[in-house]
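Here is a short briefing for a first look. Start with the surface, then move to two residues further along the chain.

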Amino acid sequence: KFSAYYREMRDVIQRRTIRFVPDVNNYDTYGNVDFGTVKGFTMQYDLRRIQNTELRLAYTLQFADGTGSDQNSQRGLTRRGNIRSLFPLSYDERHNISGILDYRFASGKQYNGPSIGGKDILANFGANLQLIAASGRPYTATVQPTRFSGSGTVGAINGNRKPWRTTLDLRLDKSFN
């Protein structure tokens with residue numbers, strides 16, 4: 001299965017600075033000025049159950065770009081006016097791989113597992129293995145990290161990537177009548 005998608009976000013709330021206001025010089029407010037796009041495609045392979053095994057694999061390639069990830073993402077950058085350049089959004093995951101492998105034994109006449117003394121020991125038993133791997137999300141590197149902000153940035157906004165995240169889950173289950 002192949003699928004592609006495109007989403008356009010307009011009029012998202014973003015902090016903006018109105019310059020040269022009498023008596024206060026600069027005035028910070030919020031307005032519907034932010035925008036972004038998310039586009040990508042997914043390839044998915046489903047292997048329906050053959051004897052005891054079922055498999056599902058999926059790969060997604062996605063690009064999420066915009067002028068701001070949240071309403072305060074341009075805070076500290078708005079002294080020169082609002083930025084209209086596109087940067088990777090903070091929730092941009094370029095690569096996402098997921099897979100589920102399910103192996104189970106039926107019961108009764110459909111049982112095809114081992115038997116001990118005429119007993120179907122693995123009847124209604126199953127194992128499920130799930131893998132999720134995603135590329136790192138972007139972040140803005142700072143020269144000197146501090147608790148709530150940074151002292152200068154290194155490179156572009158969201159120009160660096162965190163490491164890949166991988167999760168592997170195993171579930172074993174058996175039903176008894």
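Strand 13 (165–174) gives the most to a nonpolar surface patch, with three residues. The model is predicted. The patch covers about 760 Å².

**The nonpolar patch**
- Eight names make up the patch: Ile97, Leu101, Leu129, Leu131, Trp164, Leu168, Leu170 and Leu172.
- Strand 5 (95–104), strand 8 (125–134) and strand 13 each supply at least two of the patch residues.
- Leu131 is a patch member and lies in strand 8.

**Ser135, in a loop**
- Ser135 sits in the loop between strand 8 and strand 9 (138–139).
- Its relative accessibility is 5%, so Ser135 counts as buried.
- The Ser135 side chain reaches the backbone nitrogen of Arg94 at 3.2 Å.
- Beyond residues up to four places away in sequence, Ser135 touches Glu93, Arg94, His95, Trp164 and Arg165.
- Trp164, one of these contacts, also belongs to the nonpolar patch.

**Pro138, in strand 9**
- Pro138 is found in strand 9.
- Pro138 has a relative accessible area of 4%, so it is buried.
- Pro138 and Ser90 stand 48 residues apart in sequence, yet their C-alpha atoms are 5.5 Å apart in space.
- Ser90 is among the contacts of Pro138, along with Pro88, Leu89, Asp92, Asn158, Asn160 and Arg161, leaving aside neighbours within four places in sequence.

Notes
Residues are numbered from 1 along each chain as its sequence is written. This is a predicted model: local features need pLDDT of at least 70, side-chain atom pairs count only at pLDDT 80 or more; totals for chains, interfaces and linings use all residues. Side-chain values use heavy atoms; hydrogens and water are left out. Patches are made of residues with over 30% relative accessible area and no salt bridge: like charges are joined within 9 Å, nonpolar side chains (Val, Leu, Ile, Met, Phe, Trp, Tyr) within 5 Å. Accessible areas come from the Shrake-Rupley method with a 1.4 Å probe; for residues, only the protein chains shown count as cover. A salt bridge is a side-chain nitrogen of Lys or Arg within 4 Å of a carboxyl oxygen of Asp or Glu. Helices (H or I, at least four residues) and strands (E, at least two) are DSSP runs, numbered from the N terminus. Buried means under 20% relative accessible area, exposed over 50%, partly exposed in between (1.4 Å probe, protein chains only). A polar contact is a pair of N or O atoms within 3.5 Å; within protein, one must be able to donate a hydrogen and the other to accept it, and residues adjacent in sequence count only if both atoms are side-chain atoms. Contact means heavy atoms within 4.5 Å.
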